[in-house]
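Have a look at the model first, and then we can walk through it.

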Amino acid sequence: MAEILKIIIAGGISSLDSTAAWQVMISQPLVNAVVTGLILGDVTTGAVLGTLFQIVWGGSLPVGASAFPDGATAGVIGTGGAILLKKNLPGIDGNAVLLWSLLISLGFGIIGARTVIYMRRMNESLMRRADEFAREGKVASLELLHLVGVVVSFVRGILVTASGLLVLLISGLAVLPKLGSTLSPAFQPVQIVIWSMGISIFCAIFVRKKSRIVPFVLGLVFAACLAWGHLL
Amino acid sequence: MKGGRKVRRTDLLLAGLRAFYLQGSWNYERMQALGFCFSLVPVARRLSGSKAELVSFMRRHLGFFNTNPVMASYAIGATARLEEDRLSGKGLSDEELVRFKGSISSFFGSVGDELFWGTLRPLSALLGILLVSRGDTFAGVVFLLVSYNVPHLYYRLRGVFSGYDAGLAVTKTGGRISPLALSKWLGITGAFLGGTYTAAFFLMGAGTGSKGAILFLGGALVSYYLLRKRILGATAVAIILTLAVTLLVLFACILTGGDALGLLRHGIAPLLLRWA
């Protein structure tokens, strides 16, 4: 129970950092997955899933009114759920658990994005109250009103993480004992395909101009040289 | 200066620190308006001599506002300066102030989004991914956080003071390091790391055998087509590819003599029945 509570709080903090407060990148899937892994005592699972989530959501930008996938809570759901499932299903191959957690948390990335839109619509009512407080010169109430928005963002993160974790744990406990051995060999090919997605995502960001092709090729050669010298 | 009221450096620092919560009440109607007003409260308290002045100050800054959250500190600093100037009677009128805020929010929005969201954030992520994939998990996480937050905190905390010093000329400031020049050089570094990523992960995929290399190239082509043509978002593409590969592996398992009937009888059928 204490572990579930830790995961849920980590989800709330991640949600805050994604847009409402700080934005110091602790909400990045790679960071929050590794930190969740560290909290639950399994950094390797955090690193493997965090890398995959970071590749998928590395290009999503929280700009203006855009609806961006909620990688902040999904990273915590996936990693936390995977580690708890591994602990509760010791006989099941770890790769099957990782694949199942990946699928469910990717889905929660989309569901989380919808809840962000809903929360932002709810925040519109705060503006009406803010106008009233400003007219009455109640500055402290106006400040409190803004902080309500921050708290709502934290609560949204907690609710999404809790529901995601619930779905992941219940479905994992039902499915994995029966299909675990069948799903297990699929994880490595899935991992390779998601790695390959990274090329499309990062090249779309950095190799937009013809002048960037030269540093891109230099990077290719550099990595090939490192691999040749067994340094990669 | 009316009653000698002047913004202090501590007020600016407080406003800068409050700007970390700029987007706390973000909404589709006026976007960061309440956050902007919240950040300016220490300045408002310093400059307002009466409740009427305070009311007027707060109402002026509850209008539509949206910019890049990091570069918002420049807008906050410049607005504090213009509010201070108004006390001596040489400042802008209400309408001019609203127009000024609108123009600087667009300017800092485009500069900041390009630098922080479009370049620095994916670059830090790429650096982190490359290090973690080498097995340096903690180094990857630390590099991701440090490479992003050093410029992030520099612009955030310096911005409020630079914006105040520059006032109306705030768009001409940006610290010793121009954000546009920084974007350009970080973009080139990102292209280099993109090349490194491509080769490194291709070799990791190919390291699992020829099937891995084919899968890697196939996945890259399919995702490139879907993402480039904007047919689907990255999350949807990842879900589709994950499901497709999982089904492919399941079929391969059945075709190569895996226990297909056993899987149906003991695995899938009872689950479907239970859910039905």
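Two residues are in contact here when they have heavy atoms within 4.5 Å. By that rule, in this predicted model, the contact takes 96 residues from chain A and 98 residues from chain B.

**Between the chains**

Put together, chain A and chain B bury about 8,500 Å², with 73% of that area on carbon and sulfur atoms. On the chain A side, the residues that lose the most area to chain B are Met127(A), His146(A) and Phe206(A), which together make up 8% of what that side buries.

Charged pairs join the two chains as well: the count between chain A and chain B is five salt bridges. In one such pair, the side chains of Arg128(A) and Glu29(B) meet at 2.4 Å, N to O.

**A helix pair in chain B**

How do H2(B) and H3(B) pack? Their axes lie 10 Å apart at an angle of about 155°. Angles over 145 degrees count as roughly antiparallel, and so H2(B) is roughly antiparallel to H3(B). The crossing of the two helices is right-handed.

| Helix | Span | Residues in the contact |
|---|---|---|
| H2(B) | residues 33–47 | Cys37(B), Leu40(B), Val41(B), Val43(B), Ala44(B), Arg45(B), Leu47(B) |
| H3(B) | residues 51–60 | Glu53(B), Leu54(B), Phe57(B), Met58(B) |

Sorted by class, this contact of H2(B) with H3(B) has nine nonpolar residues, two charged ones and no polar ones.

Key:
Residues numbered from 1 in each chain as written. Chains lettered and ligands numbered in written order. Predicted model: local features only at pLDDT ≥ 70, side-chain atom pairs only at ≥ 80, totals over all residues. Heavy atoms only, no water. Axes fitted to C-alpha atoms, helices over the stretch in contact; angles between N-to-C directions. Helix = DSSP H or I, 4+ residues; strand = E, 2+ residues; numbered from the N terminus. Parallel < 35°, antiparallel > 145°, perpendicular 65-115°, else oblique. Left-handed = near helix turned anticlockwise from the far one by under 90°. Nonpolar A, V, L, I, M, F, W, Y, C, P; charged D, E, K, R; others polar. Buried area = accessible area lost by both parts, 1.4 Å probe. Salt bridge = Lys/Arg side-chain N within 4 Å of Asp/Glu carboxyl O.
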